[in-house]
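Please look over the sequence and the model, then read the points below.

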Amino acid sequence: MTQHCWEMRGCDDEMQSRCPHSIPGEPCPADCRYAACTRPTHEVEGDFAVLLNPERDYDAAVKEICRFCTFFLTHGPKVSDRTGDEATRQGNPNRFLL
């Protein structure tokens, strides 16, 4: 099964050597989690209708930058694709509203 960019941490060997967590499912440290994406498919989305899509499963993105990426917002999983215990949506669905 092929992993999508939003499912991978994307850490290089140096980052992995100093990574403070080893528990699967734990979030990345800030310098990793919020790091810029250098993948060729990465493009920051500017359309609010796409950015605020309530059907997109934003929690599936390991990296925060994926949540603003056109590729993830177009091809990423939907909340309805979740199964079992992961079916409850975490976080704030109105995350862009202040």
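**Overview**

Read along the sequence, the protein follows the pattern α-α-α-α. It holds four helices and zero strands, where helices (H or I, at least four residues) and strands (E, at least two) are DSSP runs numbered from the N terminus. This is a predicted model, in which local features need pLDDT of at least 70 and side-chain atom pairs count only at pLDDT 80 or more, while totals for chains, interfaces and linings use all residues. Residues are numbered from 1 along each chain as its sequence is written, and side-chain values use heavy atoms, with hydrogens and water left out.

**Burial, surface and contacts**

- Of the 98 residues of the protein, 27% count as buried; buried means under 20% relative accessible area, exposed means over 50%, and partly exposed is in between (1.4 Å probe, protein chains only).
- The accessible surface of the protein comes to about 6900 Å², and 55% of this belongs to carbon and sulfur atoms; the areas come from the Shrake-Rupley method with a 1.4 Å probe, and for residues only the protein chains shown count as cover.
- Among contacts with a separation of 6 or more, 51% are between residues 24 or more positions apart, a contact being heavy atoms within 4.5 Å.

**Salt bridges**

- Side chains of opposite charge can pair when their charged atoms come close.
- The protein has three salt bridges, each defined as a side-chain nitrogen of Lys or Arg within 4 Å of a carboxyl oxygen of Asp or Glu.
- One of them joins Arg-82 to Asp-57, with the closest N and O atoms 2.4 Å apart.
- This pair links distant parts of the chain, 25 residues apart: Arg-82 is in the segment after helix H4 (70-75), and Asp-57 is in the loop between helix H3 (48-51) and H4.
- Arg-82 also forms a salt bridge with Asp-59, where the closest N and O atoms are 3.2 Å apart.
- Here too the pair links distant parts of the chain, with Asp-59 in the loop between H3 and H4 and Arg-82 in the segment after H4, 23 residues apart.
- Arg-82 has a relative accessible area of 13% and is therefore buried, whereas Asp-59, at 30%, is partly exposed.
- Glu-64 and Arg-67 meet through their side chains in a salt bridge of 3.6 Å, N to O, and both Glu-64 and Arg-67 are buried.

**Around Asp-57**

- Asp-57 counts as buried because its relative accessible area is 6%.
- Leaving out residues up to four places away in sequence, Asp-57 touches Phe-72, Pro-77, Lys-78, Val-79 and Arg-82.
- The side chains of Asp-57 and Arg-82 are also joined by a polar contact of 2.4 Å; such a contact is a pair of N or O atoms within 3.5 Å, where within protein one must be able to donate a hydrogen and the other to accept it, and residues adjacent in sequence count only if both atoms are side-chain atoms.

**Cysteines and Glu-7**

- The structure holds zero disulfides, a disulfide being a pair of cysteine sulfur atoms within 2.5 Å.
- Cys-66 is buried at 8% relative accessibility, and Cys-69 is buried at 4%.
- Glu-7 lies in the segment before helix H1 (13-17) and is partly exposed, with a relative accessible area of 36%.
- Glu-7 and Cys-66 are 59 residues apart along the chain, and their C-alpha atoms are separated by 9.4 Å.
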